[in-house]
2 protein chains.
Amino acid sequence: MTEPKPDKLTLDACFSPYLYPIYEDNHSIVVIIDILRATSAICTAFEHGAEKVIPVATVEEAMEYKSHGYLVGAERNGEVVDGFDFGNSPFSYMGEKVKGQTVVITTTNGTHAIQVARHAYKVVIGSFLNIDALCNWLMEENKNILLLCSGWKNKFNLEDALFAGAVTEKISSLSETYQHGDACLALKYLYQLAEQDPYKFLNHSSHKERLARLNLKKDIKYCLTPNQTDVIPVLHGTTLVKMEPKFSEVSE
Amino acid sequence: MTEPKPDKLTLDACFSPYLYPIYEDNHSIVVIIDILRATSAICTAFEHGAEKVIPVATVEEAMEYKSHGYLVGAERNGEVVDGFDFGNSPFSYMGEKVKGQTVVITTTNGTHAIQVARHAYKVVIGSFLNIDALCNWLMEENKNILLLCSGWKNKFNLEDALFAGAVTEKISSLSETYQHGDACLALKYLYQLAEQDPYKFLNHSSHKERLARLNLKKDIKYCLTPNQTDVIPVLHGTTLVKMEPKFSEVSE
């Protein structure tokens, strides 16, 4: 039962973009989560000075942008798509090449999740890399929150669930205003189990073989490192931009 | 990543009937889970001698059966639907009145889950009440297993997830044949946390208010009691019947 008490805001999690219509409303902030690796890569791009990130659903759209000279990352099934220079490794979204640029990205799961939630009240990008900034901002906004896990091809996955649990844990510690949906309650427990060593925890998961095969150890360790940036990417129309600091903060 | 190794069977969990198309295949046994209270009530009816249970999706269908003299339970939002004698409390499915009868049932979540999975290779009913019998039978079948949680109005709920975790834990202890999907890995951890006192665990959940309001304490304690029956209800066409013992067991 997730109907909130009248005086409570809600914090809930949705484990699959496919399930989003069940959780959809027009007054929640939706946090898109694709820890390995789309949302980690997007946070990284902005931290390294990217001006905009355009998430696109299909490889065809990505190719169209590439033919117009854009910097484009394209990943399917964990690997770089033929014809593109890089995929969704955060290390591809660093350095001079992204500075001041518009970067286009398409991935198996994360860009799909952004796509399904695009009409939400507000859509932001979450990862361990910006977790504290994200949670502090969410507290200021004082709205219902939906944590949308991108999963793996619309199925539940452990790393996105773990991050949703980490956000739940952090928000619980910051505020008692939120009523937690059952999914968040479960994930909070899960995160508490994994907190000491999330890498080891995920390494026991069914992803182990996939991750080892793709030689992603360095990427995974980076994607699980909290607070590498204060950037909160937010969707404006079809484009992600850096959340502008509030006026009060600017004037300080 | 849930593609199994070639030599492994899969054990996975789906948290919502709405998400079932993503997990659907034509070679898995689907275990329907609605702990509070449809699948607990169905197991109870068979244990108390019911001949058949007909799960129907709508109150209208249930009313049609009632007008033809059937014994019919109808629940929506945790309460008995007007015009019916009982809802989904397992205690309504006991005693002489069900013995030898065909019982018709419609509920908010559980009968919907049966409905969406009805074309699966095999559909069976799971609850704490028949957990050991169910798991032992699953081991004999040696097929892929999908644990389909009915949830609450297509959202994740804690009690169904907990049972899916309990089944995962039990199957892990019985066999190393199964490769666990990420959902089952997460739920197994969750169950280990709750195992000592599942009632207390659920009592910390967002369901607390709903359950207290409906005065369901006795029902919940019963629904969380393992191994009250060896019955495994199985779907034949549109009707649930008792799984027949295998020939080898009959002849013993």
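This is a predicted model: local features need pLDDT of at least 70, side-chain atom pairs count only at pLDDT 80 or more; totals for chains, interfaces and linings use all residues.
**Contact between the chains**

Chain A contributes 28 residues to the contact, and chain B contributes 28 residues. On the side of chain A that touches chain B, two or more residues come from each of α6 (158-174), β9 (178-180) and α7 (182-194) of chain A. The most come from α7(A), which gives seven residues. Sorted by class, this side of chain A holds 15 nonpolar, 10 polar and three charged residues.

**Helices α5 and α6 of chain B**

Helix α5 (residues 131-141) and helix α6 (residues 158-174) of chain B have axes that come within 10 Å and cross at roughly 50°. Because of that angle, α5(B) is oblique to α6(B). The crossing of the two, α5(B) and α6(B), is right-handed. The residues that make this contact are listed by helix below.

| Helix | Residues in the contact |
|---|---|
| α5(B) | B:Ile131, B:Cys135, B:Leu138, B:Met139 |
| α6(B) | B:Ala166, B:Val167, B:Lys170, B:Ile171, B:Leu174 |

By class, the contact of α5(B) with α6(B) has eight nonpolar residues, one charged residue and no polar residues.

**Strands β2 and β7 of chain A**

Strand β7 (residues 122-126) of chain A is mostly covered, with four of its five residues buried. Strand β2 (residues 28-33) of chain A pairs with β7(A) in the parallel sense, over five bridges. For A:Val31, the bridge partner in β7(A) is A:Val124.

Key
Residues are numbered from 1 along each chain as its sequence is written. Chains are lettered from A and ligands numbered from 1 in the order in which they are written. Two residues are in contact if their C-beta atoms, placed from the backbone, lie within 7 Å. Ala, Val, Leu, Ile, Met, Phe, Trp, Tyr, Cys and Pro count as nonpolar, Asp, Glu, Lys and Arg as charged, and the others, Gly among them, as polar. Axes are lines fitted to C-alpha atoms, for helices over the stretch in contact, and angles run from 0 to 180 degrees between N-to-C directions. Angles under 35 degrees count as roughly parallel, over 145 as roughly antiparallel, 65 to 115 as roughly perpendicular and the rest as oblique. A crossing is left-handed if the near helix is turned anticlockwise from the far one by less than a right angle, and right-handed if clockwise. A residue is buried if 20 or more other C-beta atoms lie within 10 Å of its own, exposed if 12 or fewer, and partly exposed in between; C-beta atoms are placed from the backbone. Two strands pair if DSSP finds at least two bridges between them.
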